[in-house]
Amino acid sequence: MLLTLMILGLAALIGTSESQTGCFGDINKVDTTGASCRTARAEGLRYCGVPASAKIAKRDLRSMKKYKTIIKSAGRKRCVDPAVIAGIISRESHAGKALKHGWGDRGNGFGLMQVDKRYHRLVGKWNSKTHVLQGTDILVGMIKRIQKKFPRWTKEQQLKGGISAYNAGTRNVRTYSKMDIGTTGNDYANDVVARAKFYKRNGY
């Protein structure tokens, strides 16, 4: 009996880890139009939308696996869905492939999550758990600001707004339908959400 309870308890723990959704809404319930044609073309694709986001995320999947442990750890510690963190990492740095010695964005963006040195004190190595925690903390801060700014939005809407704000700040989020206007490619949150859904289907 005791052994059975222990096994069930272990299974429950494993299940929680594998189906981690976080405290900020269910990414699978967030609506998305996926990557803009501008973003898709920059990736060499002839099609746009959710299929383009999934294709780009798939290209990053092998590199992303190197960071799966620290992504999941950061997600647990900050109660954020690891798939969302992976979606941001894919968009920001192609899981590190787009970086030179850990830097991107003309030398302003640092690490997997491209923390901007102009606005934040950088911590950790570019591919470290410390760095991913910092990026996740920045995301959580943005989500909480959006929650205060738009208290009547659903959790999923606030999550999407926080993802958009991660790129362009909370001031840029004025309405739900147009939150991405002014972000890189005018599609940041929609693209990240679509990539995050791909990673959710692939063990994050």
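## Helix 6, end to end

Helix 6 covers residues 129–149, which makes 21 residues, and spans 30 Å from its first C-alpha to its last, close to the 30 Å expected at 1.5 Å a residue. Keep in mind as you look around that this is a predicted model.

## What lies over helix 6

Which residues of helix 6 are buried? They are H131, V132, L133, Q134, G135, T136, I138, L139, V140, M142, I143 and I146. The cover over these buried residues includes helix 4 (68–78), helix 5 (82–93) and helix 7 (155–168), along with strand 2 (109–110) and strand 3 (115–116).

## Helix 4 meets helix 6

Let's look at one of these neighbours. Helix 4 packs against helix 6 at an angle of about 45 degrees, and their axes are 9 Å apart. Because of that angle, helix 4 is oblique to helix 6. Their crossing is right-handed.

On the helix 4 side, the contact is made by I70, S73, A74, K77 and R78, and on the helix 6 side by K129, V132, L133, T136, D137 and V140. These contact residues divide into 5 nonpolar, 2 polar and 4 charged.

## Helix 5 meets helix 8

Now for another pair. Helix 5 and helix 8 (residues 188–201) pack at about 125 degrees, with axes 7 Å apart, and are therefore oblique to each other. The crossing of helix 5 and helix 8 is right-handed.

Helix 5 brings A83, V84, A86, G87, I88, S90, R91 and E92 to the contact, while helix 8 brings Y188, D191, V192, R195, A196, Y199 and K200. By type, the residues of this contact divide into 8 nonpolar, 2 polar and 5 charged.

Definitions and conventions
Residues numbered from 1 in each chain as written. Predicted model: local features only at pLDDT ≥ 70, side-chain atom pairs only at ≥ 80, totals over all residues. Heavy atoms only, no water. Helix = DSSP H or I, 4+ residues; strand = E, 2+ residues; numbered from the N terminus. Expected span 1.5 Å × (residues − 1). Buried < 20%, exposed > 50% of the residue type's maximum accessible area, 1.4 Å probe, protein only. Contact = heavy atoms within 4.5 Å. Axes fitted to C-alpha atoms, helices over the stretch in contact; angles between N-to-C directions. Parallel < 35°, antiparallel > 145°, perpendicular 65-115°, else oblique. Left-handed = near helix turned anticlockwise from the far one by under 90°. Nonpolar A, V, L, I, M, F, W, Y, C, P; charged D, E, K, R; others polar.
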